[in-house]
Amino acid sequence: MQDRIFGDREKAMEEAYFRQEDAKLLDKLRQEAQLHEIAFALGEKLHVDNPDLLRRVRQLGITVETAPALFLAPLVQVAWADGSVGREEHDAVLRLARGRGVEIGSPGYAQLVDWLDIRPPDKVFNTAVEVLKAGFAVLPPSEREERLQRIVDACHEVARAAGGGLIDQLLRLGNSVSNPETTMLDRITKALRKRT
């Protein structure tokens, strides 16, 4: 009986710890914290309830300092959708990153620049989606949808940046998003919204 009492007490303490980590992350997400602050809170949460995902993130070479880039990896994936990153896409990704508090010269910014120069492996993009979903899982459904939509909108902005010149736009009949980019946008949107 004493073992059961200790077991119940241990389980209650563990559940309280999980709730505390969720609350920390929720607070950071709700206060529109900088991406590096969210990265730290999410790292703590993953350490507690998804150590396998945290291990995979670390195996990719992502640290707390470079984690803001991981949150923006879907933008990079769209930029690479048609096989290369044009100047407009490159600039759009970095402008959007700066708008989300990723400072020029920071490790996260440097990681984005590296990914825009040399395409990262698909497992970076796949892991990024898993991390985003894990972070947003603590949000109520309406807030979760709003956050996901912000990412999707930013991805669309990167795709539109690649619109090219007037002739390119005319050949696409006014649609400044290429077929590979459209396919990638659909894939990212479905992956972010898919329930696990």
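Helix 6, covering residues 87-99, is made of 13 residues and reaches 18 Å from its first C-alpha to its last, which is close to the 18 Å expected at 1.5 Å a residue. The buried residues of helix 6 are Glu89, His90, Ala92, Val93, Leu94, Leu96 and Ala97, and they pack against helix 5 (73-79), helix 7 (107-117), helix 9 (141-161) and helix 11 (179-193). Just after helix 6, Gly101 takes a positive phi of about 90°.

Of its 196 residues, 42% count as buried, and the accessible surface comes to about 11100 Å², of which 54% belongs to carbon and sulfur atoms. Among contacts between residues at least 6 apart in sequence, 71% join residues at least 24 apart.

In soluble globular proteins, nonpolar side chains tend to be buried together. In this model the largest nonpolar core holds 46 residues, and within that core Leu112 and Trp115 touch the most other members. The elements that give two or more residues to this core are helix 3 (51-59), helix 4 (67-71), helix 5, helix 6, helix 7, helix 8 (122-136), helix 9 and helix 11. Helix 8 gives the most, with 8 residues. Leaving aside its neighbours within four places in sequence, Trp115 is in contact with Ile62, Ala69, Leu70, Ala73, Val76, Trp80, Pro120 and Val124.

Helix 9 has 21 residues and reaches 30 Å from its first C-alpha to its last, close to the 30 Å expected at 1.5 Å a residue. Its buried residues are Arg144, Arg147, Leu148, Ile151, Val152, Ala154, Cys155, Val158 and Ala159. Seen down the axis of helix 9, these buried residues fall within an arc of 150°, and therefore they line one face of the helix.

Apart from its neighbours within four places in sequence, Ile151 is in contact with Pro74, Leu132, Phe136 and Leu192. Val113 has its place in helix 7, and with a relative accessible area of 24% it is partly exposed. For each of these two residues, the table gives a C-alpha separation from a residue elsewhere in the chain.

| Pair | Separation in sequence | C-alpha to C-alpha |
|---|---|---|
| Ile151 and Leu192 | 41 residues | 9.2 Å |
| Val113 and Val76 | 37 residues | 9.5 Å |

The confidence of the prediction should be kept in mind when reading these details. The mean pLDDT of the protein is 80, and 69% of its residues reach 70 or more. Among the elements, helix 7 has the highest mean pLDDT, at 97, whereas helix 10 (residues 166-171) has the lowest, at 46. Over residues 165-170, pLDDT stays under 50, and for that stretch the model has 7 contacts beyond four places in sequence.

Technical notes: Residues numbered from 1 in each chain as written. Heavy atoms only, no water. Helix = DSSP H or I, 4+ residues; strand = E, 2+ residues; numbered from the N terminus. Expected span 1.5 Å × (residues − 1). Buried < 20%, exposed > 50% of the residue type's maximum accessible area, 1.4 Å probe, protein only. Contact = heavy atoms within 4.5 Å. Core = buried A, V, L, I, M, F, W, Y, C linked by side-chain atoms within 4.5 Å. Arc of directions from axis to C-beta. pLDDT = per-residue confidence, 0-100. Areas by Shrake-Rupley, 256 points an atom, 1.4 Å probe, with all protein chains shown as cover.
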